[in-house]
Amino acid sequence: MVSQKQLFPLPPASASPEILIFGDPHGDFAPAIAAVERFRPLAIVLLGDIQARQPLHIELQPILALTEVWFIHGNHDTDSDTDYDNLWGSELADRNLHGRIVEIAGYKVAGLGGIFRSKIWDPRQPVKEAAFVSADALRRSMRREERWRDGIARRHRSTIFPDDFQQLLRSGPANILVTHEAPAAHPYGWRAIDELAETLGVQLVVHGHHHQNIDYLAEGMQTAAAPFRAFGVDMGSHLAWPWDETGMGSPPQDLLNLAAQVFGVEAQAWLNKPHELLDGQTPAAFAAGGGSEKVRSMLNAIQHGGVA
Ligand SMILES: [Fe+2]
């Protein structure tokens, strides 16, 4: 039996979610474009590791008139000059939420892009033990010939510096915190993310980076007494906000049962994996958005020996 709670409920196709928050695109924008065309959210947020193959505003051209686009960067956005330039050199570069709070669709959304790198700062240590408190301090320590484009190394443009973290910490309150790194409830998460969320007073933390859909409360990794709800979002997947606690928008139970019949313990993995026959959306999201008939016929085809 597949637990309905493990899926991200989406509003019915007739109702517009306010914000869709997408897991790391890694160069594939088809799921985001398809979801925006289908659900017409007021705004979207990309959770980093964007790695656009063309400038981001060109990749997202089909939806720029349909929704407001926001993002944070991830560690892979500084892997190459192309990754860097297609994000920071794009016409959407000013939509980076990193280190600030912006009102989006009526919610104050705080962003922390990038990752912690211990060569700069391990947030388990006090700031005074950080090797460099800011990008500027690092730059000043470098000889001219060591610099990249007269600044810090490209790689460290996706490193979280203590000054940026602390400035955001002092900028609250906010309603939602989007991060690339995970909060402490994740095995590779950070207590510093929880501290930031609690200081800002957010009710929701959503992160990318680990390529997993996780509802921390449903998975028992967080208690109902926690000061905020936390979710991880996988590549090709998204979280709709406001969250529908009733699960009204989730796929029908008979479809979940059919998936469990066809795939057994792999049902959840199949439901949460983007599928090319569904415009790159996950079967769970597609079914929840009113497309359960198509998902059901795919499952039937697989059950009877076809491929889908
Ligand atoms: Fe990442």
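1. Donors here are N, O and S atoms within 2.8 Å of the metal (3.2 Å for Na, K and Ca); water is not among the atoms, so sites may look incomplete. On that basis the donor residues of the iron ion follow the spacing D-x25-N-x104-H-x28-H. This is a predicted model, where local features need pLDDT of at least 70, side-chain atom pairs count only at pLDDT 80 or more, and totals for chains, interfaces and linings use all residues. Residues are numbered from 1 along each chain as its sequence is written, and side-chain values use heavy atoms, with hydrogens and water left out.

2. Iron site. The protein donors are Asp49 (OD), Asn75 (OD1), His180 (NE2) and His209 (ND1), at 2.1 to 2.2 Å from the iron ion. Angles among the four donor atoms run from 86 to 160°, and the site is irregular. For the term: four donors count as tetrahedral if all angles lie between 85 and 135 degrees; four count as square planar and six as octahedral if opposite donors are over 155 degrees apart and all others between 65 and 115; anything else is irregular.

3. Asn75 and His209. Asparagine 75 lies in the loop between strand S3 (68-71) and helix H3 (81-88), and histidine 209 in the loop between strands S7 (204-207) and S8 (214-215), so the pair ties together parts 134 residues apart in sequence. Helices (H or I, at least four residues) and strands (E, at least two) are DSSP runs, numbered from the N terminus. Asparagine 75 is buried at 10% relative accessible area. Histidine 209 is partly exposed at 21%. Buried means under 20%, exposed over 50%, partly exposed in between (1.4 Å probe, protein chains only).

4. Aromatic pairs. The whole structure holds eight. The rings of tyrosine 107 and tryptophan 241 have centres 6.3 Å apart and planes at 75°, so this pair is edge-to-face. Rings of Phe, Tyr and Trp (its six-membered ring) pair if their centres lie within 6.5 Å; planes under 30 degrees apart are stacked, over 60 edge-to-face, the rest tilted. Both tyrosine 107 and tryptophan 241 are buried. Phe116, Trp121, Phe165 and Trp190 form one aromatic cluster.

5. Helix H5 (residues 162-169). Its buried residues are Pro162, Phe165, Leu168 and Leu169. Seen down the axis of H5, they fall within an arc of 135°, so they line one face of the helix. The arc is that of the directions from the helix axis to the C-beta atoms.
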